[in-house]
Amino acid sequence: MSTEPPALPKSPSSDSCPRCGKSVEMSFWTLLPSRDNHRILTCGACGGHFDLANASKMAGVMGGMAGMALGVLLPFDWIIRAGHGSKSYLIAGVVVVAACMCLGAVALTRILLRLEARP
Ligand SMILES: [Zn+2]
């Protein structure tokens, strides 16, 4: 399985720095829902601090849950059946579900991306 981040569609406005308006590079990991509420991102152009808006973070959590549900409903079931209950197939199934969760979270965060200036 590839660990490369998927190519996400770029929209010109949603990933602009809330301070200077320059487009900021949002990495795959930045878009994953984080439990760290004190995380601050720094703009590479102006050095200003910002973070994802709460709505975007919520979108990530919802996307993650939807991705996990889809992963459990579809590939997980197929993989378990293909492996006839073997342990390595079970592990592969869990990995696939986790990947679906991450992809769902990142996709929905990216779609509903909004950045807010932070002090
Ligand atoms: Zn900036």
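Trainee: Where is the place of H84?
Mentor: H84 sits in the loop between α2 and α3. Before we go on, note that this is a predicted model, where local features need pLDDT of at least 70, side-chain atom pairs count only at pLDDT 80 or more, and totals for chains, interfaces and linings use all residues. Residues are numbered from 1 along each chain as its sequence is written.

Trainee: Is H84 buried or exposed?
Mentor: H84 counts as exposed, because it has 7 C-beta neighbours inside 10 Å. The terms work like this: a residue is buried if 20 or more other C-beta atoms lie within 10 Å of its own, exposed if 12 or fewer, and partly exposed in between, with C-beta atoms placed from the backbone.

Trainee: And what is phi of H84 near?
Mentor: Phi of H84 is near 50°, a positive value in a residue other than glycine.

Trainee: Let's zoom out. How many helices and strands does the protein have?
Mentor: There are 3 helices and 3 strands, and from the N terminus on the elements run α-β-β-α-α-β. Helices (H or I, at least four residues) and strands (E, at least two) are DSSP runs, numbered from the N terminus.

Trainee: What share of the residues is buried?
Mentor: Buried residues make up 24% of the 119 residues in the protein.

Trainee: Now the helices. At what angle do α2 and α3 pack?
Mentor: Helix α2 (residues 54-83) and helix α3 (residues 87-111) pack at about 155°, and their axes are 6 Å apart. That makes α2 roughly antiparallel to α3. Angles under 35 degrees count as roughly parallel, over 145 as roughly antiparallel, 65 to 115 as roughly perpendicular and the rest as oblique. The axes are lines fitted to C-alpha atoms, for helices over the stretch in contact, and angles run from 0 to 180 degrees between N-to-C directions.

Trainee: What residues make up that contact, nonpolar, polar or charged?
Mentor: The residues of the contact of α2 with α3 divide into 22 nonpolar, 10 polar and no charged. Here Ala, Val, Leu, Ile, Met, Phe, Trp, Tyr, Cys and Pro count as nonpolar, Asp, Glu, Lys and Arg as charged, and the others, Gly among them, as polar.

Trainee: What span should α3 have?
Mentor: At 1.5 Å a residue, the 25 residues of α3 should span 36 Å, and the end C-alpha atoms of α3 are 36 Å apart, which agrees. The expected span is 1.5 Å times one less than the number of residues.

Trainee: Which residues in α3 are buried?
Mentor: Among them are G93, V97, C100, M101 and C102. What covers the buried residues of α3 includes α1 (28-31) and α2.

Trainee: Last topic, the strands. Where does L41 lie, and what does L41 touch?
Mentor: L41 lies in strand β1 (residues 41-42). Not counting residues up to four places away in sequence, L41 touches T30, H49, F50 and D51. The C-alpha atoms of L41 and D51, 10 residues apart along the chain, are separated by 5.5 Å. With 17 C-beta neighbours inside 10 Å, L41 counts as partly exposed.

Note on methods. Two residues are in contact if their C-beta atoms, placed from the backbone, lie within 7 Å.
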